[in-house]
Structures are given as C-alpha cells and as structure tokens.
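Good morning, and thank you for coming. Please look at the sequence and the structure on the screen while I take you through them.

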Amino acid sequence: MALTTNKSVLSWIDEKVALVKPDQIVWIDGSEEQLEALRAEACSTGELIKLNEEKLPGCYYHRTAVNDVARVEGRTFICATTKEEAGPTNNWMDPAEAYKMLDDIARGSYQGRTMYVIPYSMGPVGSPFAKYGIELTDSIYVVLNMVIMTRVGKNVLEALGDSEDWIRGLHCKCDIDEEKRYICHFPQDNTIYSVNSGYGGNVLLGKKCFALRIASYLGRNEGWMAEHMLILGVESPDGDIKYIAAAFPSACGKTNLAMLIPPEYYKGKGYKVWCVGDDIAWMRIGEDGRLWACNPENGFFGVAPGTNMKSNPNALISTQKGTIFTNVARNLDDNTVWWEGLDKNPPKNAEEWKGSKWDYTDGTKGAHPNSRFTAPAKNCPCVSSEFDSHTGVPISAIVFGGRRAKTAPLVYQSRDWNHGVFVGSIMASETTAAATGAVGVVRRDPMAMLPFCGYHMGDYWAHWIAMGAKLGDKAPKIFNVNWFRTDDEGHFIWPGFGDNLRVLKWILDRCEGKAEAIETAIGYVPNAEDIDLTGLDFDIETLKGILEVDNDLWKAEISGIEEFYAKFGDKLPAELVKELDTLKSNLG
Ligand code: OXD
Ligand code: MN
C-alpha cells in the first residue's frame with residue numbers, strides 16, 4: 001500500500017511501474033520488522049550472507065558482480081539541457097536522447113522482481129538542510145545500504161507532504177551489463193537514472209548522485225554549497241569546539257582525518273576530535289552570517305583495505321555491528337571478514353572477494369582494493385553530538401589537500417577567500433602505485449569535485465566566489481595541506497594520522513588570530529616553531545624542510561595550471577585569472 005497521497009510521487013511511480021513492470025511493489029517504511037524480513041529474504045537467495053552474530057552482530061556480507069566494483073566515471077553523464085551547462089569536465093548527453101536510451105534499457109527489467117520504493121532524506125528530517133528523495137530499486141542490497149547511509153521511512157513522506165520538491169531516482173539492476181551501464185543525472189528535472197550496476201557508488205543514489213551532483217546544481221541556484229568534504233570538530237581543553245570542512249581527492253586519507261585520534265600529548269591536555277561527516281558537506285549561510293555545515297548522510301561507505309586499529313580505530317569500531325561488508329574476504333572458520341591491512345593474520349580457511357577458496361600465500365588479494373563497509377555513523381565512537389543538529393555546525397576553516405611529493409608545503413593559508421578559491425581550483429594529486437597508469441602524474445581535481453560537480457566547473461567557481469562575497473568577513477579561512485611530502489628515497493616525511501592534529505591546531509589558531517605566519521609567494525606558511533611537536537620524535541629542521549616553498553617548483557606548476565584553466569574558456573572567473581597573475585608575479 002502506498003505510504004503517501006502526494007500526487008507527484010504517486011504519478012511518477014505509476015509511470016515507472018508501467019515502464020519496468022515489477023511483479024510487486026513494496027514501500028520501505030523504515031520499520032525494523034520490515035528490514036529484518038528483507039535481510040532474511042536476501043540471505044535465503046544468497047544476495048547476503050549473515051556474519052557471525054557474536055563477533056559481528058547485525059552484520060552482513062555481499063559480493064557484487066566481478067565487472068561491477070567501482071564508480072564508472074566514463075559512463076556517468078550530466079544530462080543538462082545543453083552541453084555547455086555540463087561543462088568540459090563532465091560527460092554530457094542530450095536529455096531527450098538519454099531518457100529514450102535509458103527507458104529502452106529499463107523497459108520490462110523488473111519483470112519477476114519486486115520494486116522497492118525508498119523514501120529517504122539527505123540531512124536530518126525536517127531540518128532546513130534536508131532534501132528528500134525517492135529511490136526505486138529492484139535490489140534488497142540497495143534498500144539495506146540506503147537505510148544505513150540515509151534517513152529512510154514513513155516520516156520522510158510525512159515531512160515531504162504534498163510538495164513536488166523531491167529527487168526522483170530509478171535504479172535498475174538489469175543484467176549488470178557493462179556495455180549498457182549508465183549513471184545519468186537530469187539536474188533540470190531533479191532526476192537520476194542508474195542502470196546495469198549494483199555497486200554502491202553507482203546505485204546508492206542519495207550519495208554521489210544526489211548529495212553531490214544534483215545538490216551542487218541546486219546549491220548554485222538556491223545559494224548554498226554541496227561539497228566533497230569531511231567535517232570534523234576539534235574540542236580544546238576548555239570545551240570549545242571549532243569545526244573544519246576539508247576536501248581531498250580519493251586515497252588521501254579523508255576518513256582517517258575525519259575520525260582522527262589525538263596524539264597522547266594532546267589527549268593529555270584534553271583535546272578531542274569529533275566526526276560530523278567523512279565524505280559530503282552541505283553548507284549554508286546561517287542567520288548569524290557564518291557558514292554552517294551539515295553532513296547529509298547517515299553512515300559511512302568506507303574503503304575497507306588499510307583500515308585497522310592503528311590507521312583508524314574509530315572506523316574499524318564503527319564496522320563491528322549493523323554493517324554491510326562488500327567484496328572483502330570471508331573467513332570461513334568463524335564467518336567473519338578480512339581485508340588487506342586489517343592485521344597480519346590473513347585467514348587460512350577463507351573465500352576471496354569473488355567467492356573462490358583463497359590461499360593468501362599465492363600472492364592474490366583476499367579483498368578487492370575498493371571493497372567497502374557500509375556502517376551507521378552512530379556506531380562511531382567519536383561521532384559528534386551535533387550529528388543530527390538541525391542548524392549544522394559553524395565552519396571556521398576550509399581545508400583543501402592533495403598528495404604532492406614535493407611542490408606543496410605541509411600547510412599554507414590563502415591570503416583571502418578568492419585566493420582560497422584559487423587554491424581549491426588548482427588542487428591536484430599525484431597518482432600512486434596503487435592505481436593503474438604512470439606513477440607521479442599530476443591529476444587536477446578542483447575541490448575534489450571533478451567527478452561530482454553537476455554543472456560547469458567555471459560556473460561552480462563563480463558560485464564559490466559569490467558565496468565568499470556574501471559571507472564577507474564572516475567567511476571561513478581557507479588552507480591547503482599536504483601530508484605526503486617525501487624524502488629522496490620516496491618515504492613520507494610527516495607522520496600523518498593523529499599527528500595531523502598539530503597542523504589543524506595551527507589552522508584553528510590562525511582563524512582566531514593566535515598564530516604567526518610567514519608570507520610566501522603562494523600564501524601564509526607557519527613558522528616551524530608554531531607547530532607544536534611536543535611528544536613527537538620529529539626534528540624541527542625537517543619540519544622547516546616540509547614547510548618550504550620552492551619557487552622553482554611552483555614556476556614549473558604554472559604551465560599545468562594554465563593548460564587546465566584553458567579548458568574553461570570564458571567561464572573561467574576573472575577573479576581566478578587575477579589570482580594566477582598574482583602567483584606568477586609573486587614567483588618573479
Ligand atoms: C567515495 C569516493 O566513495 O569519493 O567516497 O569515491
Ligand atoms: Mn568520496
């Protein structure tokens with residue numbers, strides 16, 4: 001039975017039912033009873049495997065098809081009215097052609113299957129941040145993941161009422177055919193289609209598709225921002241908490257930073273770090289004129305390999321109950337999970353992620369490198385008390401970062417907001433041996449939004465600049481960090497992980513006018529003495545080395561920036577051209 005009388009919802013569902021022809025329709029009401037029945041059903045068909053209830057209570061295991069293990073940027077489209085609106089960094093398809101193609105693929109694809117109707121909210125239901133969506137799917141796995149990653153249930157439909165302002169999402173597993181896999185966004189219609197995939201990043205439509213691609217477009221039109229950023233709070237010994245939002249490209253330790261454990265010395269003094277979000281931030285100007293942020297998600301869809309009690313105990317603890325593991329290895333002796341980097345004891349009797357018997361001694365991997373856990377945020381030992389706040393948290397600092405072996409110093413501060421937008425726009429990371437392709441190649445990933453910006457990146461930068469003008473002197477300060485400077489042998493110099501708090505502390509001190517800095521060609525860099533190294537075996541001269549700005553390396557960087565900027569033609573904001581000119585003249 002339909003859980004709403006909202007005409008726009010019912011007529012859209014009727015249309016999609018006529019298209020995909022499900023055998024039955026099930027509305028997800030959010031009740032534990034219904035979810036438990038779905039878990040049991042998925043276990044009976046082999047879609048899920050129930051894990052050891054004593055060791056991993058309420059946890060399940062899932063394998064995707066082997067050809068369906070990651071987001072597919074090449075098959076992700078922004079179907080704006082014109083190609084110009086999607087811009088040079090997005091794939092584009094004409095909306096009418098895209099709908100026709102997708103409808104042809106989706107037609108009849110639910111025959112013999114159930115349509116699950118998932119009403120969900122991004123952001124706390126009823127809050128000024130909240131935006132509602134309905135995802136139709138033929139996958140119980142998607143339902144159960146959406147229940148962890150978003151707020152799902154009847155109360156969402158109640159909050160939506162008769163409004164037509166909601167995001168339409170149709171997911172069809174079809175045959176998981178790579179050649180017919182498409183993730184298409186129609187920003188002008190508030191609509192998303194995802195066909196022929198069952199992998200989280202492509203099918204949990206609330207996440208990248210809605211909360212970044214569609215929301216970035218909505219944010220531009222409505223005067224707010226949807227960003228690929230973690231949000232964390234640093235509590236000082238007097239109990240005051242200051243919040244930071246930070247954007248990093250993938251493989252730069254975003255989830256680790258979001259759940260950072262302070263070094264002993266800081267813990268002893270009473271510092272604490274609170275996690276508000278690990279992937280996405282929606283930010284609005286509050287009544288007080290400051291920028292306030294909310295994590296629209298309700299869980300973590302984290303990369304499993306490398307997560308362990310040393311790298312990120314809070315993430316690991318978050319996965320110990322109510323979690324769905326995807327494409328990790330399964331220990332057949334005790335029906336638990338394992339992945340590379342969890343510990344030094346790979347299971348002897350196990351199945352690898354594809355489901356074959358696994359012999360770890362033969363050099364193959366047990367878990368897929370992009371294997372995931374879907375864990376409720378509430379499981380996290382350091383989840384912020386503001387997690388469900390309807391006002392969000394006020395942001396003091398915005399931090400950009402990337403993986404650069406030499407060029408970028410450990411940390412620097414932009415001179416002002418527009419310079420900070422420039423710093424975000426030239427964000428780049430060097431490829432690592434972990435990915436295919438050449439090592440050390442610089443990839444530009446502005447604001448870590450390259451695959452997630454739902455419109456023209458030039459317009460996106462203009463929106464950033466406009467937001468700064470509105471925020472005026474209440475704007476957060478903007479910084480750039482680089483935890484990845486290497487020595488001549490290629491070893492990381494800075495210890496990273498919990499010790500990154502030492503850098504965050506300087507950042508927050510700068511926001512409060514409590515720390516000094518040296519002006520360089522690229523912005524303000526700390527005096528080495530102002531980064532507190534107490535309790536860390538790290539030489540101040542080495543610190544000076546990684547704070548150094550090498551003008552020659554930056555001069556070499558200029559042509560790469562110019563080449564990248566050239567793509568944006570006359571959509572490149574004049575303010576950024578001016579910042580680039582300033583950088584050039586500062587470098588002499
Ligand atoms: C993610 C990503 O999964 O950025 O969060 O790819
Ligand atoms: Mn992400």
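Let me begin with a term: a residue is called buried when its relative accessible area is under 20%, exposed when it is over 50%, and partly exposed in between, using a 1.4 Å probe and the protein chains only. The model before you is predicted, so local features need pLDDT of at least 70 and side-chain atom pairs count only at pLDDT 80 or more, while totals for chains, interfaces and linings use all residues. Residues are numbered from 1 along each chain as its sequence is written, chains are lettered from A and ligands numbered from 1 in the order in which they are written, and side-chain values use heavy atoms, with hydrogens and water left out.

First, the overall picture. Of the 588 residues of the protein, 59% count as buried. The C-alpha trace spans about 70 × 55 × 45 Å along its principal axes. The secondary structure amounts to 17 helices and 31 strands; these are DSSP runs numbered from the N terminus, helices being H or I of at least four residues and strands E of at least two.

Now to the metal site. Which residues coordinate the manganese ion, ligand 2? They are Lys208 through NZ, His228 through NE2 and Asp279 through OD, at 2.2 Å. Donors here are N, O and S atoms within 2.8 Å of the metal, or 3.2 Å for Na, K and Ca; water is not among the atoms, so sites may look incomplete. The spacing of the donor residues in sequence is K-x19-H-x50-D. Lys208 belongs to helix H8 (residues 206-222), and His228 to the loop between strand S12 (225-227) and strand S13 (229-235), 20 residues apart. Lys208 counts as buried because its relative accessible area is 7%, and His228 is likewise buried, with a relative accessible area of 7%.

Next, strand S10, residues 182-186. Five of its five residues are buried. Tyr182, Cys184 and Phe186 point one way, and Ile183 and His185 the other. In a regular strand, side chains alternate between the two faces of the sheet. Two strands count as paired if DSSP finds at least two bridges between them. S10 has a parallel partner in strand S4 (residues 76-78), over three bridges, with Thr76 opposite Ile183. Five bridges join S10 to strand S11 (residues 191-195) in the antiparallel sense, and there Tyr182 faces Val195. The hairpin of S10 and S11 has four residues between the strands, and Asn190 takes a positive phi near 50°.

Finally, consider Ser371. Is Ser371 buried or exposed? Ser371 counts as buried, because its relative accessibility is 0%. The side chain of Ser371 reaches the backbone oxygen of His368 at 2.7 Å. Among the residues that Ser371 touches, not counting those up to four places away in sequence, are Gly302, Pro305 and Thr326; contact means heavy atoms within 4.5 Å.

Thank you for your attention.

Technical notes: A polar contact is a pair of N or O atoms within 3.5 Å; within protein, one must be able to donate a hydrogen and the other to accept it, and residues adjacent in sequence count only if both atoms are side-chain atoms.
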